[in-house]
Amino acid sequence: MENLLLNSVEKNLSQFMFTNAIFLCQRLLAQFPSEVNLQLLARCYLSNSQAYSAYYILKGSKMPQSRYLFAFSCFKLDLLGEAETALLPSKEYIEEVPGGAAGHYLLGLIYRYAGRKNSSIQQFRMALSLDPLCWEAYGELCSLGAAEEASTVFSNVSSHCLQKTCVAQKVSFSEGAIIDQLTDSDKASKDARLWQTEDAPGESQQDLKIKQFGPDIPPDTYRQLNNSSHTNVWDLKTPSPVLSQVLDAPPPLLYKNMRRPAVEGLMSVHGESRRKYVSEEMSAEVAEESGRRRSARIAARKKIPISQSFGKDSQWLHLSPSESNYVPSLSSMIGKCKIQSSKEGIPDTVTLNDSATTSDQSISDRGSCVNDDEYSNPNGSSADRFSLVSGISEVLNLLKILGDGHRHLLMYNCQEALLVYQKLSQKQYNTHWVLMQVGKAYFELQDYFNADSVFTLVHQHCSLYRPASISMLLFCFSDFLSLVLKHLKEEMRLGYLAQELISVDRLSPETWCAVGNCYSLRKDHETALKMFQRAIQLNERFTYAHTLCGHEFAALEEFEYAERCYRRALSIDTRHYNAWYGLGMTYLHLEKYEFAQNQFQMALQINPRSSVIMCYSGIALHESKRNDEALKMMEKAIIADTKNPLPKYYKANILANLGDYHKAKKVLEELKDCAPQESSVHALLGKIYKQLKLYDKAVLHFGTALDLNPSPSDAAKIKAYMERLIVPDELETEENL
Amino acid sequence: MATESSESEEEGKIRGGNDKLNIDDDLREMGKNAAWSVSSCKPGNGVATLRDDNLETYWQSDGLQPHLINIQFQKKVRLQLVFVYVDFKLDESYTPSRISIRAGDGFHNLKEIKSVELVKPTGWVCLSLSGTDPRETFVNTFMLQIAILSNHLNGRDTHIRQIKVYGPRPNPIPRQPFQFTSAEFLTYSTLR
């Protein structure tokens, strides 16, 4: 009975019938109380987003896996302290963090949320060393600003590490019959255990994320695996139908995944990207380790061999909530296999092996099982080993490029990031994650047109698939897209995007940010503020929402509130340079120029290429009477971004204030040619000519300025200037005012 | 805000019927930064009703004419428009008929800058503060005083339902002489 219940629970979990799974599991637990079953129940609860239930049942359990699940539940419930103690019961046994790489990753997240930056960096690094494919850890390191070069992380060392684990896996394969494996002796289990710790947690991490997302490939894989006719064929379409589940995904992860959406789109829920990636770089062995972290699908495949070796080692079967998704399929499969004769068992094993090991090779030939048969020799040959190595290096190369690009982007070396991303193959480049990063790079460069086109491209890409994928996409970059559109002042498009988003998912903070940006564009700051506050309600840790709130308060001139919002944003993420910038602007408005200068300095430390920040820093310096530094800063700004006309304007203004009219005039004359439609340039020129007593030129420029539609208050000012011009000398009629 | 429409009058050039929503983008409501006070009021119909965004509640004076509403700012501000919501149909003899707007540094040196006469207004009445000189679109002042000199049908006390004061938006970039107008300048002028 226990087996039956176990199997059905696992099956239910893999098919998302969570409530049924919970029910059955409770019967199971009541009848056969054991820690393992307890873990299974916890997994059921976690799959059903009932972290509190999982928390209560796991409280006090000691097994590593239980501790990991318990820590995860605590994390979900925001009980960071308990989560930490669960993962690290005593200070000395750092190595025994349950869950391996995933455990370290979770611990890193906990520390990050608690603000303990150094500890979290350490944990992420450990996670990466244990499992080089733990991309999320690398992403977190990037955003903390502590990432090393991608080449060191995804290097030969990690390659060896991966090899070891794959080899171990293979060894266990070559055992032959399932039954043999099931009843395998220490060797297999030890090996398996060895890479189990590394693999599974790594996967569980990702799986957890996947679980959050909802898409679950294993069931399909499982089903396919069972049909020998389609064994190695992943239904590469599986992501799509599953995507609809995504809509209930909790926003926090969505945002996180916006930044580090998942290993090169593998993790992403976009069927297209999965498809592309999978068809792209996969080789037999690649499947193995990529499976470990990449997608549930791959993980599933990998899992299959794992579970095979372990058979009913339920402890490992219940590795993680989402692992259960495919593990159950495995166990049920194993169960089925057991029923068969050993002879039949072998072919199944073999096909399983093949699918796991060689599916990628036949990815392009979806339906062909031919290759399987070729490779059905369970004796791992040296050819396998070689392709394993090459596979690993391919994956690592890919990760290296992406890691580099990501790191550059988060260091705001946008040009380098763009260059790096260009190195990717066409197929990889066209995945949503990469395109989104590219778009973000353009955005940070203030190249809004390009950013717009990239994001629109992604949007269109998505339109080809289910609406669900549109929503995912929009979640991921809607806030950026909306900001881009706002900058380009395209109200209609922004409004349309906002409508689309609301209709697709009301529970995503990005949606409300987009809507808020709409209102802000229309200068309805109070409503915009409400929208941003809704976004914050949905996800407290959405740094950008806090910063946007701050901007709105600043626009409403409520500077204390603005400051508060910015500081809150900074408490979540110190590297969010927009918040530093916002603080600087607030202080500028409040005329506290020294403070303003400090804030701009901090922002510049994080993003040293931003000419806008340099401009404002220069203004603050000028107002604090440090004029030489101000002028130097303006020079830097001019060099940093040649397309930005403002530093020249500000420089001319400073020079004029300092009385150096000739230089100012020169600068402005150049600027006038670059930006002929800007009324303030002419107005300033007019003022300067007036000081230089070249009245006719002054009048000319004032007139031009007026023609160029200045704001009413400026128009009044300019008219006043013109008036005063005339008074001393000429008596000519200046009625064209 | 809500609806509106009132009618025009003769000399004060008060066209009524200003649709509130037609406030230009470059104007913003300035009343939040000001201290509001009135010369007299009936209990329950005090000065708060002038600023509560509720057109049902009104301020009712309780003394001798002229009735005064004082708006004092902490620093000199530029003001362009004053909107007053009055309704003859509801208030009849309580509806103001002659309104004078004065500006100055304080109670001691207020000077009249605008005087209008309303005839049966129903809705938002727009009082523009710019002088006859078209160049003077704003009035730069510490204090504004709205004086109700007389009411319709010679009523003694007056009802006013809402008052809004508008001035130009400041330059979003502090300490700059002029605002930017072209797209390129504006894109580079802020970060979000």
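Start with residues 730-737 of chain A. Here pLDDT stays under 50. Beyond four places in sequence, the model has eight contacts for this stretch. Remember that this is a predicted model. Where pLDDT is low, the predicted coordinates should not be read in detail.

Now colour chain A by pLDDT. The mean for chain A is 68. Of the residues in chain A, 63% reach 70 or more. Next, select residues 172-380 of chain A, where the pLDDT is below 50. In the model this stretch has 503 contacts beyond near neighbours in sequence.

Move on to the interface. Show chain A and chain B together. How many residues of chain A are in contact with chain B? The number is 63, and they touch 32 residues of chain B. Between them, chain A and chain B bury about 4000 Å². Carbon and sulfur atoms carry 57% of that area.

Zoom in on charge. Two salt bridges are found across the interface of chain A and chain B. To see a salt bridge, select B:Arg28 and A:Glu557 and show their side chains. The N to O distance is 3.3 Å.

Which helix of chain A gives the most to the side that touches chain B? Select residues 712-726 of chain A: this is helix 43, and it gives nine residues.

Last stop: colour the side of chain A that touches chain B by residue type. You will find 30 nonpolar, 16 polar and 17 charged residues there.

Technical notes
Residues numbered from 1 in each chain as written. Chains lettered and ligands numbered in written order. Predicted model: local features only at pLDDT ≥ 70, side-chain atom pairs only at ≥ 80, totals over all residues. Heavy atoms only, no water. Contact = heavy atoms within 4.5 Å. Buried area = accessible area lost by both parts, 1.4 Å probe. Salt bridge = Lys/Arg side-chain N within 4 Å of Asp/Glu carboxyl O. Helix = DSSP H or I, 4+ residues; strand = E, 2+ residues; numbered from the N terminus. Nonpolar A, V, L, I, M, F, W, Y, C, P; charged D, E, K, R; others polar. pLDDT = per-residue confidence, 0-100.
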